[in-house]
Amino acid sequence: MSSVTWPFTEEHEQLRKSIRDFVEKELAPHASEWEEKEYFPDWVFTKLGEAGFLGLAYPEEYGGSGGDYLTTIVLAEEIGRCNSGGLAMAVGVQTDMAVPPVHKFGTEEQKQRYLIPALKGEKIFCLGITEPNAGSDVAGMETTAKKVDGGWVVNGRKIFITNGARAHAMTLIAKTDKEAGHAGMSLFIVDTDTPGFEVARTLEKLGMHSSDTAEITFTDMFLPDDALLGNEGEGFYNISWELQGERLIGAAGTIASSRRVFEAALAYAKERHTFGKPIGKHQVIRHKLADMATEVEAAQQLVYTAAWKVNRGEYPVREISMAKLLTGLVSWKVVDAAMQIFGGYGYSMEFPIQRAWRDSRLIRIGGGTDEVMRDVIGKMEGL
Ligand SMILES: Cc1cc2nc3c(=O)[nH]c(=O)nc-3n(C[C@H](O)[C@H](O)[C@H](O)COP(=O)(O)OP(=O)(O)OC[C@H]3O[C@@H](n4cnc5c(N)ncnc54)[C@H](O)[C@@H]3O)c2cc1C
């Protein structure tokens with residue numbers, strides 16, 4: 001019987017194998033060092049670019065591989081095998097968050113200048129949405145871009161910006177018309193060496209240690225007219241589109257990691273003995289593992305349904321929101337149960353469970369919280 005399962009094909013599985021080989025050989029051996037020291041090095045982006053993994057679903061004319069959307073899901077599932085959630089997240093920001101708007105809304109000149117080097121891993125991107133006073137409420141942002149002769153002058157600040165300390169470019173959303181509500185925001189591409197762009201600080205976090213997270217300030221930062229990405233006034237709608245890809249890729253990566261955590265807990269439950277038998281033979285542990293297996297399976301199928309719909313050209317906001325919510329809840333439950341199964345070793349820094357436990361908590365906050373997902377789902381149910 002073929003090992004290929006829905007919604008993937010033989011080609012997707014070949015791609016999976018080549019990404020897995022790369023991740024296990026090139027990235028995983030360094031994960032602990034990168035987690036404990038100063039972030040992972042920039043060469044990770046260029047090596048991933050050389051291997052073609054940053055442009056899997058982008059057109060060949062810009063250096064991509066011209067693959068379908070499911071190739072992106074394969075990457076999200078496999079990159080987590082490096083055992084560093086921070087690295088996986090940083091790569092996801094490049095492939096599925098900051099760069100897709102450049103491809104979808106950018107001019108040909110912008111694609112030549114930014115998309116091509118981004119897919120090569122030569123230009124690292126970050127995404128600037130969240131602000132100190134506006135996270136879930138994106139439209140409450142205070143960063144402004146004021147129209148002046150020949151361009152825009154930007155003032156404000158963004159916080160929690162993944163890749164922010166190392167990026168060459170930022171996909172930025174700012175208010176261009178304070179009176180126009182949702183139609184008063186626009187996207188820009190910002191070169192991070194523009195005068196007025198400053199990395200104010202990097203933030204210490206509970207997990208995702210190998211990834212840099214920055215607070216950025218903009219002080220009278222002049223952007224030329226051609227820095228505008230997409231049409232003026234359409235930034236909110238365009239970033240809402242971007243967030244769908246961000247959420248689905250986050251959900252795919254999260255549940256794949258949860259499956260690996262489950263598998264580790266299962267293996268441990270077979271080998272660790274207490275009271276004369278493997279702990280997995282105690283009914284309490286067996287049932288816990290059965291629940292973990294069931295919930296991971298269900299959440300992963302929901303991710304695949306959403307991804308399959310995207311692959312068919314649909315825009316399944318409902319399923320994506322559900323997948324983001326459910327994978328976050330399941331992943332937290334699974335990783336916490338796994339820590340319990342590993343006992344004291346789970347809590348020890350010598351075992352990787354603690355890292356997965358810390359890293360996995362973020363998905364319920366980043367890219368739209370559980371509560372925001374429930375609001376979106378509720379609205380789509382007519383509430
Ligand atoms: C490690 C990390 C990396 C990140 N990377 C990026 C990045 O690269 N780019 C970027 O732009 N952002 C990034 N973020 C920011 C992230 O997307 C936000 O933290 C998230 O959207 C929540 O915003 P907030 O922190 O301001 O929380 P708030 O919006 O202040 O929410 C606080 C709490 O109130 C709840 N809440 C808010 N509104 C409602 C409501 N209407 N009903 C019910 N409950 C509500 C929320 O669910 C949450 O529980 C990152 C965050 C972290 C921690």
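The model is predicted: local features need pLDDT of at least 70, side-chain atom pairs count only at pLDDT 80 or more, and totals for chains, interfaces and linings use all residues. Residues are numbered from 1 along each chain as its sequence is written, and side-chain values use heavy atoms, with hydrogens and water left out.

**Domains.** Begin by colouring domain 1 (10–123), domain 2 (126–233) and domain 3 (237–380); these bounds come from an automatic or database domain assignment. The centres of domain 1 and domain 3, taken over C-alpha atoms, are separated by 22 Å. To their contact (heavy atoms within 4.5 Å), domain 1 gives 23 residues and domain 3 gives 20 residues.

**Ligand.** The selection holds 17 residues, and the closest are Thr 130, Ser 136, Phe 160, Thr 369 and Glu 371. Because domain 2 and domain 3 both give residues to this shell, the ligand lies between them.

- Phe 160: a polar backbone atom is 2.7 Å from a nitrogen atom of the ligand.
- Thr 369: a polar side-chain atom lies 2.6 Å from an oxygen atom of the ligand.
- Glu 371: a polar side-chain atom lies 2.6 Å from an oxygen atom of the ligand.

On its own the ligand has 970 Å² of accessible area, of which the protein covers 64%; such areas come from the Shrake-Rupley method with a 1.4 Å probe, and for residues only the protein chains shown count as cover.

Now show the secondary structure: helices (H or I, at least four residues) and strands (E, at least two) are DSSP runs, numbered from the N terminus. Strand E3 (151–162) and helix H12 (370–380) each supply at least two residues of the shell, and E3 provides the largest share, 3 residues.

**Helix H4.** Select residues 69–79. How many residues of H4 are buried? The count is 11 of its 11 residues, buried meaning under 20% relative accessible area, exposed over 50% and partly exposed in between (1.4 Å probe, protein chains only). Among the buried residues are Tyr 69, Glu 77 and Glu 78. Their cover includes helices H1 (10–27), H3 (43–50), H5 (85–98), H8 (235–271) and H9 (283–311).

**Thr 144.** Move to strand E2 (residues 144–148), where Thr 144 is placed. Beyond its neighbours within four places in sequence, Thr 144 is in contact with Val 153, Val 154, Asn 155, Ala 174, Lys 175 and Lys 178. Pro 101, 43 residues from Thr 144 in sequence, is 20 Å from it in space, C-alpha to C-alpha.

**Pro 7.** In the segment before H1, select Pro 7. A cis peptide bond joins Trp 6 to Pro 7, with omega about 5°.

**Positive phi.** Finish with two residues. Asp 220, in strand E7 (residues 213–224), is not a glycine, yet its phi is positive, near 45°; with a relative accessible area of 54%, Asp 220 is exposed. Phe 275 sits in the loop between strand E9 (273–274) and strand E10 (277–278). Its phi is also positive, about 50°, although Phe 275 is not a glycine, and at 81% relative accessibility Phe 275 counts as exposed.

Note on methods
A residue is near a molecule or strand if one of its heavy atoms lies within 4 Å of it. A polar contact is a pair of N or O atoms within 3.5 Å; within protein, one must be able to donate a hydrogen and the other to accept it, and residues adjacent in sequence count only if both atoms are side-chain atoms.
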